Amino acid sequence: MRHLFLFGVLGCISSACLAFQDFDTIASHAYLVDYDTGAVLLDKKGSELMAPASMSKLMTAYILFEQIKSGQISLDDKFTVSKNAWQKGGEKSGSSTMFLKPDSKVKVEDLIKGIIVQSGNDACITVAENLSGSEENFAQEMTLRAREIGLEKSTFKNSTGWPHKEHLMTAKELAFLAKKLMDEFPDFYKYYSLTSFKYNGIEQPNRNPLLSSMPGQADGLKTGHTEKSGYALVGSAKSKDGTRRLILVVNGLKSMKDRNTESQRIMEWGFTNFKNYTMFPNGEVVDSLPVWLGAEERVPVILDKKALITIHRLDKDKAKISITYDSLPKAPIKKGQKIATLNVLLPDGSNKPFDLVAQKDVAKAGFLKRMKKAVLSLFKGKE
C-alpha cells in the first residue's frame with residue numbers, strides 16, 4: 001500500500017469522534033445523527049433495546065407506504081374498521097385514538113393522517129387487519145421486513161407500540177428508519193408535518209413539540225408515551241438556512257414538558273456546534289499521481305462523488321488527509337476509473353475513505369518510451 005500524505009483538513013467525522021460525551025441529556029436514551037453524512041453527534045445508549053411506544057408506528061407506516069407505492073392499494077381505497085380495532089384502539093380503549101366507528105369504512109389517506117397526527121391505535125389496527133388479516137400476522141411481517149431493510153435488533157409484537165416485553169427497538173434503528181421513510185417515500189413524508197387532523201368532527205393536534213418550537217425547521221416525525229417508555233420522540237428538522245438536516249431520537253423523559261424542552265435543546269445544540277463541509281467541490285483536482293508506462297507522466301484525480309463531512313467546531317484543525325493506492329496506476333487509464341483512495345485520518349486513528357478517480361484518459365506510452373522506462377527501472381532496482 002502506497003501512501004501520499006497531504007495536509008490538515010477541517011475536523012472530525014467518525015461516529016466515535018463526533019459523539020461528544022461532554023454533552024448530556026436527561027433522556028434515558030438519545031441519538032442525534034446528521035441526515036446527509038451519517039455522522040453521530042450524540043449517542044446515549046443508542047444501540048440498547050428499549051420500549052419504543054408509539055414511535056414504532058413508523059414501521060407500521062413504512063409497511064403501508066410500501067403497499068401504496070407498489071400499487072397494491074391506493075390512498076382512496078377504503079378499509080373496514082373491525083370491532084376488535086374499535087375495542088382495542090378506539091374511544092372505548094382510553095388510548096390514543098382516531099375515534100373510528102366499528103364497521104365503518106375509512107379512506108387509507110385518512111388512516112395515514114390518523115396514525116401520524118393523532119397516533120390512533122384504532123387506525124393502526126385497522127391497517128394491520130386489512131393488510132394482513134390480523135394484527136398478529138402484521139406484527140410478524142413488520143419484524144421480517146425490518147430485518148430485510150437493516151433493522152437487526154427491532155422486534156414488533158403489535159402495530160401500535162402498545163407495551164409488550166418483546167416489542168423493542170433501539171434509538172439508532174429508529175433514526176435509521178426515519179431516514180428510510182424520508183428517502184423512499186418523499187410524497188408521503190409531508191403528512192408528518194401536519195399540525196392537526198380532524199376526523200368524525202373531532203380535531204386533534206400533532207403532539208410533536210418541535211413543529212411549534214422550531215417552526216419552518218421541524219417537519220416530523222412521531223411522539224410516543226407509555227408508563228414503561230416514558231415520553232419519547234423521533235424528530236427531524238432542518239437548519240435555519242436549510243442546508244442541513246438532523247434526526248433525533250429521545251426516550252425515557254419524565255414529562256411532556258421535558259420532551260418539549262429537551263428535544264429542542266438537543267436539536268439546537270447539534271445545529272450550533274456542528275457544521276457540514278464539502279471537500280474538493282465541483283470536480284476540483286485533489287492531486288495528480290504518477291502513471292506507469294503512460295503517454296503522460298501523471299494523471300489528475302478527483303472525487304467520484306460529493307464528499308460531505310460533519311465537523312465539530314472544537315475539532316476544526318485536528319484531522320489530516322492522505323491518498324493511498326495499492327499499486328502505481330498503470331496506463332491505459334480511462335476517465336472516471338478508480339485509481340486511489342482519499343482518506344480522512346482522524347485523531348482517534350479511525351478513517352473515512354472516499355474514492356478517487358482519473359479526471360481524464362491517459363493512453364499507453366509508445367514502444368520506445370516504454371522500453372526506456374523499463375530499462376531505467378531495471379537499473380534503479382540494482383542500485
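Phe 99 is found in the loop between helix H3, residues 83-89, and strand S5. In this predicted model, Phe 99 has a positive phi of about 65°, although it is not a glycine. A second residue with a positive phi, and likewise not a glycine, is Asn 200, where the value is near 55°. Asn 200 sits in the loop between S6 and strand S7, residues 202-205. Its relative accessibility is 42%, so Asn 200 counts as partly exposed.

I turn next to the peptide bonds. Gly 220 and Leu 221 are joined by a cis peptide bond, with omega about 10°, and Leu 221 has its place in strand S8. The bond from Ala 331 to Pro 332 is also cis, with omega near 0°. Pro 332 lies in the loop between strand S15, residues 319-325, and strand S16, residues 338-345.

Let me move to the helices. Helix H4 covers residues 108-116, and nine of its nine residues are buried, so the helix is largely enclosed by the rest of the structure. Among the buried residues are Glu 109, Asp 110 and Lys 113, together with Val 108 and Leu 111. What do the buried residues of H4 pack against? Their partners are the helices H2 and H5 and the strands S4, S5, S6 and S8.

H2, residues 57-69, also meets helix H6, residues 135-149: the two axes come within 10 Å and cross at roughly 85°. An angle from 65 to 115 degrees counts as roughly perpendicular, and therefore H2 is roughly perpendicular to H6. On the H2 side the contact is made by Met 59, Thr 60, Tyr 62, Ile 63 and Glu 66, and on the H6 side by residues including Phe 138, Met 142 and Arg 145. The residues of this contact divide into seven nonpolar, one polar and three charged.

Which residues touch the most other members of the largest nonpolar core? They are Met 59, Phe 65, Tyr 192 and Val 249, in a core of 58 residues. H2 gives the most to this core, with eight residues. Beyond its neighbours within four places in sequence, Met 59 is in contact with Met 142, Arg 145, Ala 146, Ile 149, Leu 151, Phe 156 and Leu 177. A second, separate core has 24 residues, including Val 301, Ile 321, Ile 323 and Ile 333.

The chain averages a pLDDT of 89, and 88% of the residues score at least 70. Over residues 7-17, however, pLDDT stays under 50, and the model has 46 contacts beyond four places in sequence for this stretch. Where pLDDT is low, the predicted coordinates should not be read in detail.

Methods:
Residues numbered from 1 in each chain as written. Predicted model: local features only at pLDDT ≥ 70, side-chain atom pairs only at ≥ 80, totals over all residues. Heavy atoms only, no water. Axes fitted to C-alpha atoms, helices over the stretch in contact; angles between N-to-C directions. Helix = DSSP H or I, 4+ residues; strand = E, 2+ residues; numbered from the N terminus. Parallel < 35°, antiparallel > 145°, perpendicular 65-115°, else oblique. Contact = heavy atoms within 4.5 Å. Nonpolar A, V, L, I, M, F, W, Y, C, P; charged D, E, K, R; others polar. Core = buried A, V, L, I, M, F, W, Y, C linked by side-chain atoms within 4.5 Å. Buried < 20%, exposed > 50% of the residue type's maximum accessible area, 1.4 Å probe, protein only. pLDDT = per-residue confidence, 0-100.
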